Amino acid sequence: MSAPKKVCVIGSGNWGSAIAKIVGANAAKYDKFDTTVNMWVFEETVNGRKLSEIINSDHENVKYLPGHKLPPNVVAVPDLAESVKGADILIFVVPHQFISKVCETIKDHIKKDTIGMSLIKGVDAGPEGLKLISEVIREKLGITMTVLMGANIANEVADEKFCETTIGCKDKAYGPLLKDLMQTTNFRVTVVEESDVVEIYVVNNMEITLRAAAAGFCDGLGFGDNTKAAVIRLGLMEMIAFAKVFCTDCPVSPATFLESCGVADLITTCYGGRNRKIGEAFAKTGKSIEQLEIELLNGQKLQGPATASEVHVVLKQKNMVDKFPLFTAVYQICFNGHPVTEFIKCLQNHPEHL
């Protein structure tokens, strides 16, 4: 019998803590996993106490997931390199803009046969164009990578409200192991083996966060559900077009968008979640994205706006800005000072209507 697999969650924000709650419970439940689950915590002081000490003594991330008890076998470790030592499974749940630095820090401290799982929505934009976060991690660490994506709002997952998610796993041998690590009665997992689907999932989730911001604009400006439905539909059309343009190495199957990580994620993020919430406040208050992150998210960073900036650069390089008008309108509103009411003109004049 093989030794129990040791798991480390890299990240302890809202989503990272919600996942740690699930992983900790399943690690304690199944003999195939080491009972102790390390969770890397970026050290902060909360009410005069270190956050890692609060988590380890009170078993609650009082800053990013208040009101939810973490299993006592989840151990907060403030030293990143120390947290990953001996881990067989690394779960990455940090803002995508920090992933390169994280990989540089841990690359000399991980096992060569470690399995990675990315829960990060976003892309890396460099001289060669867009690169998937799972690909960035794979290249920097030389490990097998999988992804988990779905219609998963962190607080609802932590509340144990029923939802679905999708694991993209190229090597089917790892599928059952990762499913046991993640699945609960109310967090149901589908494992997809095709490598092309794995990569497309991540690309489209990057687009989803931008649609959610547009849905928030709808709410903030007082438009109705009909308008939001149009945002969702037109957003889906742009998502499919985006995938066809940037996933040239693999076919884009319509079935991809019917999984939890596709249209379900689009719907839930347009009606809930952080990007929609900030989008609504942005339209109502006129405050900057950065100020609203501080006021409404305890300083946590949104993935959508940062990703918008990176993708816009690539679209300009490819002379394809006009092909993604809804995406472009959100970008111009968030970064170039265009009035938030401008996005309704984008809907009215969208190429899908011509």
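Buried means under 20% relative accessible area, exposed over 50%, and partly exposed in between, computed with a 1.4 Å probe on protein chains only. The model on screen is predicted: local features need pLDDT of at least 70, side-chain atom pairs count only at pLDDT 80 or more, and totals for chains, interfaces and linings use all residues. Residues are numbered from 1 along each chain as its sequence is written, and side-chain values use heavy atoms, without hydrogens and water.

Begin with Phe343, which counts as buried at 0% relative accessibility. Five aromatic pairs occur in the structure; rings of Phe, Tyr and Trp (its six-membered ring) pair if their centres lie within 6.5 Å, with planes under 30 degrees apart stacked, over 60 edge-to-face and the rest tilted. The ring centres of Phe217 and Phe343 are 5.8 Å apart and the planes stand at 65°, so this pair is edge-to-face. It links distant parts of the chain, 126 residues apart: Phe217 is in helix α8 (residues 195-221) and Phe343 in helix α15 (residues 342-348). Helices are DSSP runs (H or I, at least four residues), numbered from the N terminus.

Next, select Tyr331 and Phe335, a stacked pair with 5.3 Å between centres and 25° between planes. Both are in helix α14 (residues 325-335), four residues apart, and are therefore separated by about one helical turn. Tyr331 is buried at 11% relative accessibility, whereas Phe335 is partly exposed at 36%.

Finish at Lys228, whose charged end sits over the ring of Tyr271, 4.1 Å from its centre; the criterion is NZ of Lys or CZ of Arg within 6 Å of the ring centre and within 35 degrees of the ring normal.

Key
Helices (H or I, at least four residues) and strands (E, at least two) are DSSP runs, numbered from the N terminus.
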